[in-house]
Amino acid sequence: MALKVGMFMLLLLFSWLCSATASVTYDSRAILINGRRRILISGSIHYPRSTPEMWPDLIQKAKDGGLDVIQTYVFWNGHEPSQGKYYFEDRYDLVKFIKLVQQAGLYVHLRIGPYVCAEWNFGGFPVWLKYVPGIAFRTDNGPFKAAMQKFTEKIVSMMKAERLFETQGGPIILSQIENEYGPVEWEIGAPGKAYTKWAAQMAVGLNTGVPWIMCKQEDAPDPVIDTCNGFYCENFTPDKKYKPKMWTEAWTGWYTEFGGPIPHRPAEDLAFSVARFIQNGGSFINYYMYHGGTNFGRTAGGPFIATSYDYDAPLDEYGLPNEPKWGHLRDLHRAIKLAESALVSTYPTVTSLGSNLEAHVYKSSGGCAAFLANYNTNSHAKVSFGNGQYDLPPWSVSVLPDCKTAVFNTARLGAQSSQMKMTPVNNAFSWQSHNEETASSDDSEATTLQGLWEQIYITRDNTDYLWYLTDITISPDEGFVKNGKSPLLTIFSAGHALHVFVNGQLSGTVYGGLENPKLTFSDYIKLRPGINKLALLSVAVGLPNVGLHFEQWNAGVLGPVTLKGLNSGTWDMSKWKWTYKIGLKGEALNLHTISGSSSVEWVEGSLLAQKQPLTWYKATFNAPGGNAPLALDMGSMGKGQVWINGQSIGRHWPGYIARGGCGACSYAGTYDDKKCRTNCGQSSQRWYHIPRSWLKPSGNLLVIFEELGGNPTGISLVQRTTGSVCADIFEGQPTMRSWEMLTSGKVNKPKAHLWCPTGQKISEIKFASYGLPQGTCGSFKEGSCHAHRSYDAPQRNCVGRQSCLVTVAPEVFGGDPCPGNMKKLSVEAVCS
Ligand code: GAL
């Protein structure tokens, strides 16, 4: 007993000591955790963009990738869907997510916002907030500030109650209030300034014990830290000398919009931007996104943000490493961590090594670390530094954690690349269809109002769909009736998509785009004498998430709506009586659920609807074996929404073809979101992620609502696996092995490391060339110099294995095929 009491006292003392010493502070150099300055590598993973079942694996892969911190926004509209009714379950179980990060031994940066932007519906604001009387968002406005404070306090007290702040023994080391408010403040002036002050004071007043940051906020009130967001941040300086240089959003790629191509950011350029930031005194970097994931349900913002939020992030939408990005950054992080003690002890000394060539050296009692940079976009450089000679490819930085050994160069990939493939796994679905009726003004649930009303005001965003219905009475005396012509119907809509039905027949579909959501329908329509039913199905495709007072932007048919070509000229129908019907009949009947779907008649076989607008489809299927991530190939469909076992996997819109420029992509040179895009002329999004955890072994219900008309028999269930892996390794290129071998005294020869994911093996060497091969993974070609025994070593070492190494040196390939040239080994190995 005495021992037990003694132990307890000791524990108490220990926990008291811990909490007494646990601290997160900062100085001009870095964030200090428990008194120690740190270089912190962080990555954004937004909890509702994956499933709780995926979280542990994503977090582990982030840790394996060299991350110290996971950053997430808090999604207000997910947590308070209706005012005062909170939700913290399932994908919105914030506490669970944070605790999983803690269990993995990582820290958390909690960006409470509550404005988050994030290509998330309404920037994270609940739609009810817009209808609070007298409200104006993100400015010095009483009702807004009260609501924002209430939610922020709610989150902070929840974190405190769970002891999740670092000072309480938890993982949260940083918080964020607001998001990129600086540019808004700049536009609106005085009320913006007042709001910034208020937001900072309100946040600091919550006494979390850890620092607050405000990103893109040059006047961040003390002690809040102003931080940088962008593709590059090396030249950023915080607002005060005593604040550290932090980068809260290093964009790893960019988002996809419906109608746009798919952006890619080369790993070499991303690593280059990070190395430059660190060499210039940066000490905190967060990858936005590290895992982008999926905009399930109707959570995508925009409007027109795609369902996939892959972002070309280091972990792809499905949670698989996006190689070479994931591995290349992991190697960069290792190199930076080897230099950490030198880095945090001092500031760099910068010297020129030639034109557009620089050395950044950190030298102190903490050690010596150096970064050698070549900013030229075309030319290679050989530089002398200390007693050594170093090769610097264009647009690259080499990291020397001891000021001697180059262990990493941002333009030299040590990590393999991979080619992913989507392979069908099921037999064809056996489909049934059900027609969604065109709504009519006689519907008992419809409401008739004078004139045209704004869509979100009516729907409160409970659905994407709103019917605008009216009757057009045509006299037999109308000239067009007699001469067989048709009058011209013109409809102006604030967006985002519109289907026009005349007497139950689809007369046309129009939609806007991210740049301009507004649309115009203008076409001749067939009208008969008597009553004609005009039914306009206006469809929202995500509410705006960014822009000055985006909460005031409208959606829906706001007019004018006119009919031209009548005896009396043109009718302005805008002031007519319109009947409003919220949502689809199938939505009201819950056709996407098992119980709801049995409430109507479905047809199949020869009666199955094909290429018919407004159609519901359903099928059941068994879950395929294994654990490869799954997706639906929706390439044959148009636009709508998809549910699996009642859960929405998001909006599908393969009918929206990617416009814009796609072209050759060199990693060298300043990146922006228009560079390095793919998919032009194809669907912006063809595949839709189905989380494994939403499936049962058998009898899964798949329901699709199709607006435009598609061919359901073209849909297939696919699994995502690695098709092949590639290495592209230069002779003598810096590698972490040079560091490991430093102590053993062995010669530094880089090695190609190839590996297939667990469950797959290398079955074949598809390509191998030691010499001057050309092209990239998947399209390698022999160049003017090729060692004739290039295939031998890869075949011998790799085929039949899950993972293998091939040394990149002439003797391995039967001798030097072209002395005096800088050679490389390119290999593509098939994973089966
Ligand atoms: C930033 C914003 C993020 C995200 C990003 C683009 O400006 O802070 O939330 O929207 O742009 O992906």
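**Close-up 1. Contact between helices α2 and α4 in the predicted model.** From α2, the residues Trp55, Pro56 and Ile59 meet Lys96, Phe97, Leu100 and Val101 of α4. By class, this contact of α2 with α4 comprises 6 nonpolar residues, no polar residues and 1 charged residue. Helix α2 covers residues 55-64, and its axis lies 10 Å from that of α4, at an angle of about 40°. The two helices α2 and α4 are therefore oblique to each other, and their crossing is right-handed. Helix α4 itself spans residues 94-103, with Leu94, Val95, Phe97, Ile98, Leu100 and Val101 buried. Just after α4, Gly105 has a positive phi of about 85°.

**Close-up 2. Leu110 in the largest nonpolar core.** This core holds 135 residues, and Leu110, Met159, Tyr287 and Leu332 are the ones that touch the most other members. When neighbours within four places in sequence are set aside, Leu110 contacts Thr72, Val74, Leu94, Ile98, Ile155, Met159, Ile172, Leu174, Ser175 and Gln176. A second core of 29 residues is separate, and its members include Ala306, Tyr617, Ala619 and Leu630. In soluble globular proteins, nonpolar side chains tend to be buried together.

**Close-up 3. Helix α5 beside helix α7.** The axes of α5 (residues 142-161) and α7 (residues 190-204) come within 11 Å of each other and cross at roughly 25°. Because angles under 35 degrees count as roughly parallel, α5 is described as roughly parallel to α7. The crossing of α5 past α7 is right-handed. On the α5 side the contact is made by Phe144, Lys145, Met148, Gln149 and Thr152, and on the α7 side by Tyr195, Trp198, Ala199 and Met202. These residues of the contact of α5 with α7 divide into 6 nonpolar, 2 polar and 1 charged.

**Close-up 4. Arg163 in the loop between α5 and β7.** Strand β7 covers residues 172-177. Arg163 is not a glycine, yet its phi is positive, at about 55°. With a relative accessible area of 48%, Arg163 is partly exposed. Most residues other than glycine have a negative phi, and most peptide bonds are trans.

**Close-up 5. Helices α8 and α9 packed together.** Helix α8 (residues 267-279) packs against α9 at an angle of about 20°, and their axes are 9 Å apart. The helices α8 and α9 are therefore roughly parallel to each other, and α8 passes α9 in a right-handed crossing. Ala267, Glu268, Leu270, Ala271, Val274, Ala275 and Ile278 in α8 meet Lys325, His328, Leu329, Leu332 and Ile336 in α9. Sorted by class, the contact of α8 with α9 has 9 nonpolar, 1 polar and 2 charged residues.

**Close-up 6. The loop between β12 and α9.** The phi of Asp312 is near 55°, a positive value in a residue other than glycine. Asp312 is buried, with a relative accessible area of 9%.

**Close-up 7. Ala335 in helix α9.** Helix α9 runs over residues 325-338. Ala335 is buried, at a relative accessible area of 0%. Not counting residues up to four places away in sequence, Ala335 touches Val399, Pro401, Val407, Phe408 and Met736. Ala335 and Leu489 are 154 residues apart in sequence, and their C-alpha atoms are 65 Å apart in space.

**Close-up 8. His496 in the loop between β24 and β25.** The strands on either side of this loop are β24 (488-493) and β25 (497-502). His496 counts as buried, at 3% relative accessibility. Leaving out residues up to four places away in sequence, His496 touches Pro303, Phe304, Tyr511, Gly512, Pro517, Leu519, Val539, Ala540, Val541, Gly542 and Ala555.

**Close-up 9. The cis peptide bond between Gly559 and Pro560.** Omega of this bond is about -5°. Pro560 sits in the loop between β28 (530-539) and β29 (561-566).

**Close-up 10. Ala768 in strand β42.** Strand β42 comprises residues 762-771. Ala768 is buried, with a relative accessible area of 0%. Apart from residues up to four places away in sequence, Ala768 touches His786, Ser790, Tyr791, Pro794, Ser826 and Val827. Ala793 is 25 residues from Ala768 in sequence and 9.4 Å from Ala768 in space, C-alpha to C-alpha.

Methods:
Residues are numbered from 1 along each chain as its sequence is written. This is a predicted model: local features need pLDDT of at least 70, side-chain atom pairs count only at pLDDT 80 or more; totals for chains, interfaces and linings use all residues. Side-chain values use heavy atoms; hydrogens and water are left out. A nonpolar core is a set of buried Ala, Val, Leu, Ile, Met, Phe, Trp, Tyr and Cys residues joined through side-chain atoms within 4.5 Å. Buried means under 20% relative accessible area, exposed over 50%, partly exposed in between (1.4 Å probe, protein chains only). Contact means heavy atoms within 4.5 Å. Axes are lines fitted to C-alpha atoms, for helices over the stretch in contact, and angles run from 0 to 180 degrees between N-to-C directions. Helices (H or I, at least four residues) and strands (E, at least two) are DSSP runs, numbered from the N terminus. Angles under 35 degrees count as roughly parallel, over 145 as roughly antiparallel, 65 to 115 as roughly perpendicular and the rest as oblique. A crossing is left-handed if the near helix is turned anticlockwise from the far one by less than a right angle, and right-handed if clockwise. Ala, Val, Leu, Ile, Met, Phe, Trp, Tyr, Cys and Pro count as nonpolar, Asp, Glu, Lys and Arg as charged, and the others, Gly among them, as polar.
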